[in-house]
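Hi,

Here is the structure I promised to pass on.

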Amino acid sequence: LLSGVPAPEISSIWNKSCVNYMGKVKVMNEIMGDMGRVVCDTPVVWHRVGCAGVKEGLEERFKYFTEKIMPQFKRDAMDHTLVFVPSYFDFVKVRNWFKFSDLDYSEISEYTKDKKIAQARDMFYHNEKHFLLYTERSNFYRRFRIKGIRHLIFYQPPTFGWMYSELCNFLQSTYQNPRGGSENNMSITVIYTKYDLHRLNLCVGSDTSSSMLSSEKAVHMFKPGDA
């Protein structure tokens, strides 16, 4: 089995299906994390969501996002908010909630037509849309440089560590609309559970992720330059 990143799906196949009477060997590189590559000046706040199992984690994450995170970002002062959703299934669920809540948003996914993508990016940059919903697969294949982000919410840590640092760095002044708001009103928020260990390792490193998961505190903040 060859994989560019560690993932629960790969581990499951390895543990259940890779059987050999001569034994098996797993070789993994040390994971340092991409946190050191974040060069924007905005602190990153990590929110750990407690859950009893993988299935429960899906619902608890959504509940935490809608009840704890979103209320503070609905205010007019928190416009230019990008919500990054790795799973398309979660994306559909979040999008449906946005529709039901009558929130002002645009969207970019792997199924969005080019014309709609250009329109969504333009409206977001010029503050004609408060929120922009963005999927991981769209970012992976298209690598858009989304401009105008002042508040970034990771619904779940990305599968690839470089996506974490890349998206965080879009909050630099180079990508901002000068009329879009104040540099003092910017934020990065990440939601995770204990089942996001592999993703967490790729973002902050294995040592830091272990400390975060074992800590009594459920919220952690890292300032620029922390590694």
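The sheet is open and has 7 strands, in the order β3-β4-β2-β5-β6-β1-β7, with mixed pairing. Strands here are DSSP runs of E with at least two residues, helices are runs of H or I with at least four, and both are numbered from the N terminus. Two strands pair if DSSP finds at least two bridges between them. At the edges sit β3 (105–108) and β7 (219–222), each pairing on one side only. From one strand to the next, the twist averages 20°.

Before going on: this is a predicted model, where local features need pLDDT of at least 70, side-chain atom pairs count only at pLDDT 80 or more, and totals for chains, interfaces and linings use all residues. Residues are numbered from 1 along each chain as its sequence is written, and side-chain values use heavy atoms, leaving out hydrogens and water.

Inside the sheet, β2 (residues 81–85) and β5 (residues 151–154) run parallel and are joined by 4 bridges. One to look up is Val83, whose bridge partner in β5 is Ile153.

Now for two helices. α7 (residues 197–204) and α8 (residues 206–214) have axes that come within 7 Å and cross at roughly 125°. Axes are lines fitted to C-alpha atoms, for helices over the stretch in contact, and angles run from 0 to 180 degrees between N-to-C directions. Where do they touch? Leu197, Leu200, Asn201 and Val204 in α7 meet Ser206, Thr208, Ser209, Met212 and Leu213 in α8 (contact means heavy atoms within 4.5 Å).

Cheers
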